[in-house]
Amino acid sequence: MAPEPGAVPGRRWSGHRGLVLVVIVAAGLWAGFELDLDPRDLLPGEGGWAIARELFAHALSPALDYEDEVPEGTRPLLLKALEAARLTVIFAAAAISLSVVFGVLLGFAASTAWWIGDPAGGHGAGTVARRSVRPLIYGVARVVITLMRSVHELIWAVLLLAAFGLSQLSAVIAIAIPYSGTLAKVFSEMLDEAPRDSALALRAAGASPAQVFLFGLLPRALPDMTAYAFYRFECALRSSAVLGFFGYPTLGYFIAASFENLHYGEVWTYLYTLFVLVALADWWSGALRRRLVG
Amino acid sequence: MRSGSASFRLEKACVRYGSEAAVEEVDLEIEPGEVVGFVGPSGAGKTTLLRLLNGTLRPTSGKVLIGGDDLGSLPVRRLREVRSRIGMVHQDLSLIPNLRVLRNVLIGRLGRLSLLGSARLLFFPPRREVRRVHELLERVGIGEKLYERTDRLSGGQRQRVAIARALYQEPAALLPDEPISSLDPARSRDTMRLLIEVCREGGITLCASLHDLAAARDFLPRLVGLRGGRVVFDRPTTELDDDDFHNLYDLAPEEMLNDGP
């Protein structure tokens, strides 16, 4: 039925948005009741108050030296914090390097962008074979990525430590597995969303599928991919610090140890070191991003 | 087709998207080195026609011959060879904004290089090639922009980069798609003059699509009028009169909003 001329077209009820909002709010409330969440639980008990007060009292006065007697020849606290920071960076760097390699490979396999290189645009010999192999590669890559991503690095660490013991490699791999998955997922999306005009122009000028992908499409996605890899490096710093809880000499290890010994000043020293580390990484990746994407 | 200039022949070429016909039963002959314009309203099939001529689109029926080669029967390898000799200047330019001008121009040559060869050309361009790119940029008037990042250039300068890239292909034909649609009148004339000059100098066949009728009549010696995917006229510009153009652009109301693909 044609609308009357001059009448403003009626706004059609698009339905979903309001419904989704209601469901989300309802789910939040339901989860809260189910868990019996009570704001009063945030009030600590008797002993808790003392610990909390003391811990936060030290926030403004982090320790510059050990709070207890230490044996002769122990490295000064600040040097120890620096060393822990160095190891935190090294674990993170090793893990992210590994992740970028696998992330790029899997991300490529899980993207559909490289399918456009097909010079005949779907005509010619070999097309049927190509067409059936591609979705297979795509599907397998997607499943692998999801498997890697669905398990957190701490759980991977538990599994790998049980299997291989407290080796450096277990820690690196524990971080690298979920990080490869995340990088691959995001890389594949960046490749698929990159503007395709230059790739298509390259194809129109006779370039081969590999040339179309490498020189027409990849350069469009590369700045974003690089910036994202740097952001993940920053995340890897935190993960690497937390792996200290398993006994690796990264910042987490010393935070946990100092806390157990009630050396709250030292806890803050290590926390601030981690903070500075992450802030530096953030600043670095920001500067890089401005240059690449800018 | 080797180097030199390309001839084109369309025989009852049709392109259909589903039930919609973008180009219908077009017969067309273009001699080597000719300068031709495709004119007509938006959605008339001008871009589709150019895509037939550069071999990215295959006719649903009918034939497209480039330099005597029937595109429909060419193996993929030969098809790529043919394409590498046709310099398309896309309406959206299709440049890579985050690369330097030099690289964007060098990319024009990839169609004739191996994967390794193209990596070498792009990452370690030999002096000779850099000089050649600089010459081409000088020719189109932006020689000093050789090492500039492409996204720092103005729209007009970017278009010059796209033209230089097409010329670096050492093309047998140049196919600019709406080359002046986003330029002011002075720059439009400048660009038309440049396109025709470089093609005449190199003996390159030129087929440009334009919706700006005045520019087309001023610069192009032969015009092919398209409407609804069909050829309405195909004559030397001097033999066309206002009535021809009036008929071409006199749109029925329902055609106004039909922009075509």
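In this predicted model, the axes of α3(A) and α8(A) come within 8 Å of each other and cross at roughly 135 degrees. Because of that angle, α3(A) counts as oblique to α8(A), and the crossing in which α3(A) passes α8(A) is right-handed. On the side of α3(A), the residues that meet α8(A) are A:T88, A:V89, A:F91, A:A92, A:A95, A:I96 and A:V100, while α8(A) brings A:A229, A:R232, A:F233, A:A236, A:L237, A:S240 and A:A241 to the contact. Sorted by class, this contact of α3(A) with α8(A) holds 11 nonpolar, two polar and one charged residues.

Helix α3, which spans residues 77-109 of chain A, also packs against helix α10, residues 264-292 of chain A, and here the angle is about 40 degrees with the axes 10 Å apart. That angle makes α3(A) oblique to α10(A), and α3(A) passes α10(A) in a right-handed crossing. The contact draws on A:L77, A:A81, A:A84, A:A85, A:T88 and A:V89 from α3(A), and on A:E266, A:T269, A:Y270, A:T273 and A:L277 from α10(A). Its residues divide into seven nonpolar, three polar and one charged. A:T88 and A:V89 of α3(A) take part in the contact with α10(A), and A:T88 and A:V89 are likewise among the residues that meet α8(A).

In chain B, the domain assignment gives domain 1, made of 8-85 together with 173-261, and domain 2, which covers 93-170. The C-alpha centres of domain 1 and domain 2 of chain B lie 25 Å apart, and the contact takes 11 residues from domain 1 of chain B and 10 residues from domain 2 of chain B. On the side of domain 1 of chain B that touches domain 2 of chain B, two or more residues come from each of α2 (76-84) and α7 (185-202) of chain B, and the largest share, four residues, comes from α7(B). By class, that side of domain 1 of chain B has four nonpolar, three polar and four charged residues.

Chain B also holds sheets, and one of them is an open sheet in which four strands follow the order β2-β1-β4-β5, with antiparallel pairing. Its edge strands are β2 (20-30) and β5 (69-70) of chain B, each of which pairs on one side only. Within this sheet, β1(B) and β2(B) pair in the antiparallel sense over seven bridges, and B:R16 stands opposite B:A21 in β2(B). The hairpin of β1(B) and β2(B) has two residues between the strands, and in it B:G18 takes a positive phi near 65 degrees. Strand β1, residues 8-17 of chain B, also pairs with strand β4, residues 61-66 of chain B, in the antiparallel sense over five bridges. In that pairing B:R9 stands opposite B:L65 in β4(B), and the bridge partner of B:E11 in β4(B) is B:K63.

Another open sheet of chain B has six strands in the order β6-β7-β8-β3-β9-β10, with mixed pairing. At its edges stand β6 (86-89) and β10 of chain B, each with a single partner strand, so one side of each is left without a neighbour in the sheet. The twist averages 15 degrees from one strand to the next. A parallel pairing in this sheet joins strand β3, residues 35-39 of chain B, to strand β8, residues 205-210 of chain B, over five bridges, and there B:V35 stands opposite B:L206 in β8(B). Strand β9 (residues 222-227) and strand β10 (residues 230-236) of chain B, by contrast, pair in the antiparallel sense over six bridges, with B:V224 opposite B:D234 in β10(B). The hairpin that β9(B) and β10(B) form has two residues between the strands, and B:G228 in that hairpin takes a positive phi near 55 degrees.

Definitions and conventions: Residues numbered from 1 in each chain as written. Chains lettered and ligands numbered in written order. Predicted model: local features only at pLDDT ≥ 70, side-chain atom pairs only at ≥ 80, totals over all residues. Axes fitted to C-alpha atoms, helices over the stretch in contact; angles between N-to-C directions. Parallel < 35°, antiparallel > 145°, perpendicular 65-115°, else oblique. Left-handed = near helix turned anticlockwise from the far one by under 90°. Contact = placed C-beta atoms within 7 Å. Nonpolar A, V, L, I, M, F, W, Y, C, P; charged D, E, K, R; others polar. Domains from an automatic or database assignment. Pairing = 2+ DSSP bridges.
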